[in-house]
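Work through the exercises below with the structure open. Try each task before you read its solution.

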Amino acid sequence: MVMSTPLLILIAGPYRSGTGDDPAKLAANLRALEQAAWPIFRSGHLPMIGEWVALPVLRGAGGTGPADPLAEEIMYPTADRLLHHCDAVLRLPGESKGADQDVAIAQQRGLPIYRRIEDIPGYRATG
């Protein structure tokens with residue numbers, strides 16, 4: 001069943017945590033976040049990942065990556081601003097200060113927090 005009104009769902013999970021800022025590990029974490037995007041979309045919603053917005057903004061501001069001191073002014077504030085527009089959060093497993101912060105903000109704003117893709121409204125299994 002596809003929802004008649006799509007939800008904008010922020011996918012929150014580890015990005016920088018445990019990577020030591022290694023570009024290959026950061027890329028792997030982003031790919032892991034992106035794996036949730038298709039099931040959300042297939043279920044009638046619009047997936048969003050904060051890094052999809054924050055990283056281009058950081059580059060535009062002259063930042064070199066998430067370890068750049070400028071990132072502190074952009075990465076978490078981007079998620080906070082996005083959460084003003086999101087309808088829900090999907091919290092993926094794994095230790096992440098940023099994802100925990102996203103969940104706390106979403107809870108303060110009364111947004112639903114899903115811990116499994118299968119729990120989002122209208123979930124459609126593959127096949």
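The buried residues of helix H5 pack against strand S1, helix H4 (75-82), strand S3 and strand S4 (113-114). The model is a predicted one.

**Exercise 1. Which residues of H5 are buried, and which are exposed on the other side?**

Step 1. Get the extent. H5 covers residues 97-108, 12 residues in total. From first C-alpha to last, H5 reaches 17 Å, close to the 16 Å expected at 1.5 Å a residue.

Step 2. List the buried positions of H5. They are Gly98, Ala99, Asp102, Val103, Ile105 and Ala106.

Step 3. Check their directions. These residues lie on the same side of H5, because they cover an arc of only 165° around the axis.

Step 4. Turn to the other side of H5. Lys97, Gln107 and Gln108 are exposed there.

Step 5. Look past the end. Glycine 110 follows H5, and its phi is positive, near 75°.

**Exercise 2. What do the buried residues of H4 pack against?**

Step 1. Pick out the buried residues of H4: Met75, Thr78, Ala79 and Leu82.

Step 2. Take the arc. It spans only 95° around the axis, so these residues sit on the same side of H4.

Step 3. Find the contacts. The buried residues of H4 pack against S1, S2, helix H3 (50-60) and H5.

**Exercise 3. Which strands are joined to S1, and how many bridges join each?**

Step 1. Start with S1 itself, residues 8-12. In this strand, 5 of 5 residues are buried.

Step 2. Sort the side chains of S1. Leu8, Leu10 and Ala12 point one way. Ile9 and Ile11 point the other way. Both sets are buried.

Step 3. Take S2, residues 46-48. It runs parallel to S1, and 3 bridges join the two.

Step 4. Take S3, residues 88-91. S3 and S1 also run parallel, with 4 bridges between them.

Step 5. In S3, isoleucine 9 has alanine 88 as its bridge partner.

**Exercise 4. Is arginine 91 buried or exposed, and with which residue does it form a salt bridge?**

Step 1. Read the accessibility. Arginine 91 has 7% relative accessibility; buried means under 20%, so arginine 91 counts as buried.

Step 2. Find the partner. Arginine 91 forms a salt bridge with aspartate 100, and the closest N and O atoms are 2.7 Å apart.

Step 3. Classify the partner. Aspartate 100 has 44% relative accessibility, so it counts as partly exposed.

Methods
Residues are numbered from 1 along each chain as its sequence is written. This is a predicted model: local features need pLDDT of at least 70, side-chain atom pairs count only at pLDDT 80 or more; totals for chains, interfaces and linings use all residues. Side-chain values use heavy atoms; hydrogens and water are left out. Buried means under 20% relative accessible area, exposed over 50%, partly exposed in between (1.4 Å probe, protein chains only). Two strands pair if DSSP finds at least two bridges between them. The expected span of a helix is 1.5 Å times one less than its number of residues. The arc is that of the directions from the helix axis to the C-beta atoms. Contact means heavy atoms within 4.5 Å. A salt bridge is a side-chain nitrogen of Lys or Arg within 4 Å of a carboxyl oxygen of Asp or Glu.
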